[in-house]
Amino acid sequence: MSEWQGGDSGGREFHRVSETLRSRIAAGVYPPGSFLPSQRALAEELGVSRDTVQRVMRELAEDGWVESRQGSGSRVVRTGADQAEPVPARPAEARSRRSPAGLGEVLSRVFAQPEVTLDVYTLTSETLDAHIRLQAERIASGLISPDRVTLRLLLPSPAVAMPYPQVKGDPADTRLRARLHEITERHTASLHGTLEVLKTQGYVPSVHAQVRYAPLTPAFKAYLFNGAEMLIGPYEVIERRIPLSSGEEVESLDVLGLGAQLTHHVRDDDPNSQGSVFVGSWQSWFESVWGLLAE
């Protein structure tokens with residue numbers, strides 16, 4: 001078990017620009033396939049040097065958010081919003097179905113309530129970090145004002161030798177696992193910092209957040225909101241090229257995280273309904289793992 005730990009690498013302005021661009025991508029300001037403004041334009045808009053913007057672009061490319069080509073600019077290749085394709089719901093599946101609402105839409109609705117409780121099981125904290133920052137911006141601007149925010153985040157232990165991501169054909173190569181741990185640590189620290197600001201600045205009277213590390217390899221990602229509804233989806237293993245900080249690109253076996261298809265389940269007044277049973281079963285699983293890790 002571990003409590004939140006903060007961290008800083010690269011300076012305040014670097015992180016501010018990085019968080020701004022990630023939030024805009026997650027919100028759809030720059031949708032997949034679109035090009036970001038030029039580095040010169042971003043530097044002028046955000047009041048930083050072009051060197052800072054260049055370093056942020058390299059980080060976004062390394063994390064797989066954008067694809068940068070000299071002379072062509074930086075194109076968005078994925079978004080922080082977990083979108084699920086709309087599927088018409090039959091009456092029997094009305095409370096447990098593939099949802100047209102993504103994580104961002106559900107979080108926006110939940111954060112508009114006085115009490116916000118989130119139980120999350122995921123491979124990294126990257127997606128959650130992007131979306132929580134968006135909700136923090138809404139809170140700081142006065143659009144919403146929850147009284148209490150509680151987050152329990154369950155992540156895989158860094159000691160687990162997970163099958164992904166891995167260099168294709170060379171599972172003994174640990175570079176991609178090290179990269180995954182660095183991404184997780186960076187976004188976990190960012191997430192903690194965002195929630196701490198909400199508390200210390202008086203935007204949210206009560207904020208409680210905790211992370212625990214399980215000796216498990218996540219085969220799915222799941223978000224439980226206020227004990228009443230959830231989004232869950234399996235990780236799909238894919239082959240893709242991943243750029244490393246050294247500049248080298250490696251063929252890898254990785255999983256879709258930001259693009260994972262999510263299914264929406266809702267607990268209602270009927271304890272025997274499909275949605276109620278599913279949400280209740282998953283919550284029992286989460287509580288059991290969370291409790292074991294506290295011992």
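Rings of Phe, Tyr and Trp (its six-membered ring) pair if their centres lie within 6.5 Å; planes under 30 degrees apart count as stacked, over 60 as edge-to-face and the rest as tilted. This is a predicted model: local features need pLDDT of at least 70, side-chain atom pairs count only at pLDDT 80 or more, and totals for chains, interfaces and linings use all residues. Residues are numbered from 1 along each chain as its sequence is written, and side-chain values use heavy atoms, with hydrogens and water left out.

Searching the whole structure gives 6 aromatic pairs. One of them joins W282 and W285; this pair is tilted, at 6.2 Å centre to centre and 40° between the planes. Both residues belong to helix 7 (residues 274-293), 3 residues apart, or about one turn of the helix. Helices (H or I, at least four residues) and strands (E, at least two) are DSSP runs, numbered from the N terminus.

W282 is buried because its relative accessible area is 6%. W285, at 29%, is partly exposed.

W282 and W285 also sit in one aromatic cluster with Y121, F220, F286 and W290.

Now the loop. G142 lies between helix 5 (126-140) and strand 5 (148-156). Its relative accessibility is 57%, so G142 counts as exposed. G142 and Y203 are 61 residues apart in sequence, yet 8.7 Å apart in space, C-alpha to C-alpha. Elsewhere, G202 follows helix 6 and has a positive phi, near 80°.

How values were computed. Buried < 20%, exposed > 50% of the residue type's maximum accessible area, 1.4 Å probe, protein only.
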